[in-house]
Amino acid sequence: MTVWKHHETAAKTLTIVVDGHQVEARPGETVATVLLRLGYRSFGKSPVTGGPLAPACLMGVCFGCLCSVDGRPGIQACLETVQDGTVVETDVQVAP
Amino acid sequence: MTVENPQDVIVVGAGPAGLAAAQSMAETGLSVRLLDEQAWAGGQIWRNAAVMTNLQGPMAKSYDGAVDAMAVLSKPNIEYAASATVLDASLAHLSDTSEKPQARLTWLSGARENRGIRETNARALVIATGAMERPVLFPGATLPGVMGVGAVQSILKQSGMVPTDGGVVLAGQGPLLLLTLEQILDHGGTVDAVLDLGAQGALAGAAPGVLRALISDPGLIAKGASLLWRARRSGVAWYRNIRALRAMGDECIREVAFETEGKTVLLPCTLLAVHDGVIPNTQLTRLLNLDHVWHEAQQAFAPHCASSGQTSASSVWVAGDGAGIAGADVARLRGSLAGLDVARALGSLDNSGFQTLATPLKRQIAQRDPARAFLDKLYAPLPVTAYAGADVQDETLVCRCEAVTLAQVHSAVGDGATGPNRVKTFTRCGMGACQGRMCGNALTRIVAEATGSAPQDAGALRIRPPLKPTLISDYLDILPSEETTP
């Protein structure tokens, strides 16, 4: 089962909140990369089919990475850089 | 909404082309407003350059020139805004073009310190919004875990992560696929298999161009050859002559199935990275109703432009892969050239100055043409329904946002939809969140084929503002966290 792993240790880390859980992230990362590392395969649900909505392009084109960031819904997670204290909410809860 | 002071030029996109254009214009004294929707400059190839150029790793080479290019961000007459999302753009058509603003951009500043909608006017507009992955259609292509190889590259560059622990399969063709394979392996990731979707005999078809390509750009060809060798040597299972590709799973991809050499192969797969080349991102150029031309070899529309980037609108230039796929080196050259042409048009560079500076750029661009033509032939885009035959039309999505299948698109054509916009009206294809970005190219090709018309005549989806979905609260200038910000 594919897992996303850092290929080297980070000099600095910061803490964000994902679906209620405190998680570690790196400066420069996006919300999308953090979610992928945590094991989220999809971040939300398609409003049309109810099926899983997942990132495909990681560059702001596919709109598959939408989630709520700091209270704003419909944010493209791949364009949102994490900062200390960023609060992320998805429609898909992943067990910690 | 904040109306900014007018600028000489607005540049949309701070990748290699946009940075180069900004530099050459700023050097002639023009004021430049440089916008990029990402939180950092560099576009895709120079993603996260501030971190990547400090590394000695195998990827450092692709960042050659990034540091120098980004030095332009601190030039006094370049005002750079990151997290700037263009929402709308319009052009005036004034007869006196020398001083009055010709282009107006409405954009959202998403920077946390000063979020809000802005309006900027300028005498000229340079669009350098680059490229995107070509959509590849097959059953299950929209399952979670199916991404473009560019996405895997972005993840590696953005956060230093590689996919590992099995289940990683790459499928497609092209230098970027091979590069991604190399980068995954170099950084300790795993790849189980490569599904080579390239046409059999592609090399033979491209062979006549090889010699000229080698002479014009030996580095490019050598890079490709070494990548191919590295892939074979790495022990990754390599499959060719693939038919009937399918991604299988419920909540996410679990297996990839295909037929080859007369047998069915089923591979465990939880990450399928797909690639069939890149195509120009034409959202903004379409929004502006510029003329576009269908490029047969690249099977994609690009804005019609002169050699130095001026489009069918006299105040708009395009540069970089958004003007036609040619790679990062050419993007920089074209960016510089477009910047010089803008400067000449706006009167901050005289004709002889332009000729002196532009001539070597044009020569360097032309030198790379044979190599590009060779690559275009070698990796000719797959037919749009190569892996979406009649038997799987019902299961293959063209529009992922609105879940419109290939069967539904054909049905709409059968009912009289003569172009992409009529298909959109009949099926909602292109009406979803991505606003036709992911389905547009495929839709044009499918409709052209189905109606027996040329893609140039079939046309493309009409693009309307806002260019990206926007919160009403942003339009109303309401800041939710205003009261609680210390």
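For the complex, the predictor gives an ipTM of 0.96 and a pTM of 0.93. In chain B the mean pLDDT is 90, and 89% of the residues of that chain reach 70 or more. Where pLDDT is low, the predicted coordinates should not be read in detail.

Now to the interface itself, where 51 residues of chain B are in contact with 41 residues of chain A. The area buried between the two chains is about 3900 Å², and carbon and sulfur atoms give 61% of that area. If we ask which residues of chain B lose the most area to chain A, they are B:R112, B:P144 and B:M161, which together make up 16% of what that side buries.

Turning to polar interactions, the rule finds 12 residue pairs in polar contact across the interface of chain B and chain A, with both residues at pLDDT 80 or more. As for where the touching side of chain B comes from, β8, β9, α4 and β10 of chain B each supply at least two of its residues, and α4(B) gives the most, with 7 residues. By residue type, the side of chain B that touches chain A divides into 26 nonpolar, 13 polar and 12 charged residues.

How many salt bridges does the rule find across the interface of chain B and chain A? The count there is 1, while over all chains the count comes to 16. In the bridge between the chains, the side chains of A:K5 and B:D165 meet at 3.3 Å, taken from N to O. This pair joins two chains because A:K5 lies in strand β1 of chain A, whereas B:D165 lies in the loop between β10 and β11 of chain B.

Notes
Residues numbered from 1 in each chain as written. Chains lettered and ligands numbered in written order. Heavy atoms only, no water. Contact = heavy atoms within 4.5 Å. Buried area = accessible area lost by both parts, 1.4 Å probe. Salt bridge = Lys/Arg side-chain N within 4 Å of Asp/Glu carboxyl O. Polar contact = N/O pair within 3.5 Å; in protein donor to acceptor, adjacent residues only side chain to side chain. Helix = DSSP H or I, 4+ residues; strand = E, 2+ residues; numbered from the N terminus. Nonpolar A, V, L, I, M, F, W, Y, C, P; charged D, E, K, R; others polar. pLDDT = per-residue confidence, 0-100.
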